[in-house]
Amino acid sequence: MITNRTPYLFSDIKKPYYRHCPTCKTLNYRAWYLVQYKSDNLLHNIIGLPPFKQFVKTSVKISAKLVLFFHIFAPSKTQPLGCYETSIPNVCHTRSNICLRVPCDLLETNHNHMKLFFFLFLAIPALTSAQNFAVKGQITDQTDGASLIGATVIVKETGQGAVTDATGEYILTTSRNEITLRFTFIGYKEIEKKITLTQKTTTLDIVLSPQEQTLTGVEVSGTRYNTDAKKSIQTLEVVNSSAIDNKNATTLDKALDNIAGFTIINNEPQMRAGSGFSSGMGSRVMILLDEMPILRADAGRPAWNLIPMEDVAQIEILKGASSVLFGSAAINGAINVRTAYAKSAPETKAKIYTGFYSQPANKEASPYHNSVPLSYGTSFSHSRKIKKIDFIVAAEFANNDGYHGSDRFLKNEDGQIIKDDNNKARFPNDDLVREEMRVRTNVGLRYHISDRAIVTLNGNVMYSDNYLFNFWGNSITGMYHSYKSTQSHFKDLMYFIDPHFKYTDTFGGVHQFSNRLLYSDNRAVEPIGQDAFSRSVYNSYHYSKTFAKAGGLHLKAGISNNYTLSFGQVFSGNLDNLETHGSGMHTGNNFALFTKLEKSFFKNKNLLLEFGARWEFCAVDDWSENRPIFQGGINYEIPVSHTYFRVSVGQGYRAATIGEKFITTKVGDYGFYPNPELKSETSVNSELAVRQMYKAGIFEGYVDVAGFYQTYNNYIEFFLGPWNDKAMVFEQFGFKYFNTGKASITGVETSWAGQLEISDIFSMQLVANYTYSMPVCRDTSFIFTSIRKGTPAQLDYTYRKGSSNTERNILKYRIQHVAKLDLNMTFKKIFTIGVSMQYLSAMKNVDHILVDFDADAKNNHDSWLEDLPFQGNVAFMEKHKRGSFLLNLRAAVELKNITVAVIMNNVLNTEYALRPMYIEAPRLTTVQLTCKI
């Protein structure tokens, strides 16, 4: 009971007011005061309540200034009314107040005779600590019971989190007594636990098992996008490490064969027909390694062979507008490769493989008759944890003899080219040119400073001796050979160093500092004039946090800067002297601020809203511009049927690269010409989609259907034409980048995935997809350039002038129909059989010169046309007008730690070209031995 003590009076008492207690609903007469207490004795004199004595002392120590709620009660006597939610009679409480319960009529009748009693409720920080519950435990590996360092524990309702320390232990506090905890770790299956807290401290140990699912990826906290595909506002696909091993994918491009709507044409990524042939420059798909760019910053070209595939945990493919998250090069999408770190137990993995190319279907054109070209290599990786340090070291050697012959024609004693009965130039029978030999090594170190702070240092260095094959000799006898002087021989040295720091603060905020120094020396052995050197430094800071008081609002924000120094003859921009060029020194800078907000609504959190914004500053030499872009989307789930609807609209922005603006070189008789006046291209990308999850007995999966529409302004295209009017007629032709006005891409993409598992006897995974795209020019009369050809008359170039086929205004070099299927079956976890099929439609529109200058397609033509690589193009395109069908097979046997696999690509030995003047590989059969210890 409250004792009759002399109250402490305040001069700043506000006028009392009536208010119902939110817990007991009794009307009380109260006032609020802001008081600064300097002594807990003063509080004790005011409040004569022994149960609160220690609590008050603790509160004063926590905060010097406390917001106090006082209640003024009129009656001289009060009687208990049966509210015993605390240990103090007549007191009930909620999280925000404590009130003394008295009858309402006493308050009203004794208003003029009340005695003043002051009762301390609670300071806001003190209340939180008073009602906090603690959850602690250890997270271990199911296979060997070892501790998992760096595993994440998240309170699903509030977003509060913790990270396990060097012993795998975690501890977090919460004010809720009913919570759902989510436990995640890269490479392991996620676990959710809903618990009710009845004690001040609860111990909860968790065992995680390795991730084996193939339909969805491992969810990773701290990423810039939601890695749970079904809850994303954009189409998201994931490739896990086992799928990479099954295909013996030694470079990143080989690991993406089954991605819907995705093709790689001569090393160039195309997402949903968003781009055409561009000679490897100005990628519209951002390639990232651990969320940092791995494009050559000067050319915007993916460094496919630099990525350490032996260390990959998973690959995440985000489709549609991704510029808000990843910047200029992500106008069509982004591919993020996430590297793995050491698991609980030490692991050593070694792989050795050898393969051989079959004779091409067109044996007459084969560059090898008396030899067998090989593709072979080996890789090694070792990972382990030592107290607070985990690390991985790896190395790779790869050699690919390839299937291309040289650019040397057979000549007689007089030096004249020998021709066959069809008047076609002949090539040597055995004159292979090795495609690539490379050596690569990488190291990843991670040190756990504490359970909240992690510092990482990754590094990778690669040396490559390789050939770039630009154009074939002709489409009949010379399709597997190079046109004269068009094969380029390079010796590359590339490396990157990545220091990284991650800190999780006590309020649940995650701070990440990421940096990358990327060094590239691209030395041309022959022909001269193609050297390119670049140094780029990428720095970024990312912050993410879930705000419980804002209903679980999740914020992701960041700042980044990418500075590039490029020099080399190939980017000189000097047309006056293509042989000597110049230094070609250029600088580029990209600075950006971005933010993204996510919030789930309704009781089941089944409505997700996202909004993102980015401000980007781009500069190349003296040119610069800045632009804001925005993106928003919705993902809504019908909980009963597990149907997910998603809608997203996003702006895209891409500044032309140094390479697109300044490339200046000569390949054979053809040039690559600069266009310093190139403008940035912009786009708006929309997607409407539905994903239906299903489960029929032991078979489960999803069906996904997405419609997409993208519009472009100042669209950048690559054109073949007579752009060098200073040269002789024969040497005027070459390639150049132009802004071609407006364009749009409309399409639909559907995917079906399923998996089943019958105990340890049989398991199956099936993925099938189809993508249809309609890329069209929206302004066919737009004049993108005008040239003079030695006369006063001026020739204006438009879409119609530069295209071989203007039917339906389809853009050049596009594959409109892409269908894929992959089936993987495992018996008793020992035998695995896989089959992969692809259909790729033929390109309907190419540069008009490839058709107009085909000597075989004209009855009357100049003799010099016979010496061009275009000879036979029309006949080849007609022969393959129905597209290409590819079949790949694989089989493997796993005995304890050793796996033996046979992989056969292009089983039917299909002759096909995804772009004109470049033939794809014939059948390749590979035997692979993998050992894990």
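Predicted model: local features only at pLDDT ≥ 70, side-chain atom pairs only at ≥ 80, totals over all residues.
Student: Which residues form the nonpolar patch on the surface?

Tutor: The nonpolar patch is formed by Ile386, Ile389, Val443, Leu445, Tyr447, Ile449, Val455, Leu457, Ile497, Leu517 and Val537, which together have about 810 Å² of accessible area. Two elements give two or more residues to this patch, namely strand E26 (436-448) and strand E27 (453-469).

Student: And which element gives the most to the patch?

Tutor: That is E26, which gives 3 residues to the nonpolar patch.

Student: Where is Ile389 found, and why does Ile389 count as it does for accessibility?

Tutor: Ile389 is found in strand E25, which covers residues 389-400. Its relative accessibility is 37%, and Ile389 therefore counts as partly exposed, since buried would mean under 20% and exposed over 50%.

Student: New topic: is His481 buried or exposed?

Tutor: His481 counts as buried because its relative accessibility is 2%. As for its place in the chain, His481 is in the loop between E27 and strand E28 (487-504).

Student: What does the side chain of His481 reach?

Tutor: The side chain of His481 reaches the backbone oxygen of Ser406, at a distance of 3.3 Å.

Student: How many cavities of 30 Å³ or more are there?

Tutor: The count comes to 15 cavities of 30 Å³ or more. The second largest cavity has a volume of about 590 Å³, and of the 37 residues that line this cavity, the closest to its centre are Met286, Ala297, Ser328, Asn562 and Asn590.

Student: Which elements give residues to that lining?

Tutor: The elements that give two or more residues to the lining of the second largest cavity include strand E17 (285-289), strand E29 (510-526), strand E31 (553-567) and strand E33 (607-620). E33 gives the most to this lining, with 5 residues.

Student: How many salt bridges does the count come to?

Tutor: The count comes to 35 salt bridges. In one of them, the side chains of Glu192 and Lys156 meet at 3.1 Å, N to O. This pair links distant parts of the chain, 36 residues apart, with Glu192 in strand E11 (residues 191-196) and Lys156 in the loop between strand E7 (152-155) and strand E8 (161-163).

Student: What about Glu598 and Lys556?

Tutor: The side chains of Glu598 and Lys556 meet in a salt bridge as well, at 3.2 Å, N to O. Glu598 lies in strand E32 and Lys556 in strand E31, so the pair ties together parts that are 42 residues apart in sequence. Glu598 is buried, with a relative accessible area of 10%, and Lys556 is buried, with a relative accessible area of 9%.

Student: How do Glu687 and Arg646 meet, and are they buried or exposed?

Tutor: The side chains of Glu687 and Arg646 meet in a salt bridge at 3.4 Å, N to O. Glu687 is in strand E38 (residues 681-696) and Arg646 in strand E35 (residues 643-654), so that pair links distant parts of the chain, 41 residues apart. Both Glu687 and Arg646 are buried.

Student: Which residues are linked with them in a network of salt bridges?

Tutor: The network of salt bridges links Glu687 and Arg646 with Glu237, Arg272, Lys319, Arg691, Asp704 and Glu749.

Terms used. Residues numbered from 1 in each chain as written. Heavy atoms only, no water. Patch = residues over 30% accessible without salt bridge, like charges linked within 9 Å, V, L, I, M, F, W, Y side chains within 5 Å. Areas by Shrake-Rupley, 256 points an atom, 1.4 Å probe, with all protein chains shown as cover. Salt bridge = Lys/Arg side-chain N within 4 Å of Asp/Glu carboxyl O. Helix = DSSP H or I, 4+ residues; strand = E, 2+ residues; numbered from the N terminus. Buried < 20%, exposed > 50% of the residue type's maximum accessible area, 1.4 Å probe, protein only. Polar contact = N/O pair within 3.5 Å; in protein donor to acceptor, adjacent residues only side chain to side chain. 1 Å grid on protein atoms, 1.4 Å probe; cavity = no way out; pocket = protein on both sides within 12 Å on 5 of 7 lines; lining within 4 Å. Points joined across faces, edges and corners; volume = space filled by probe spheres on them.
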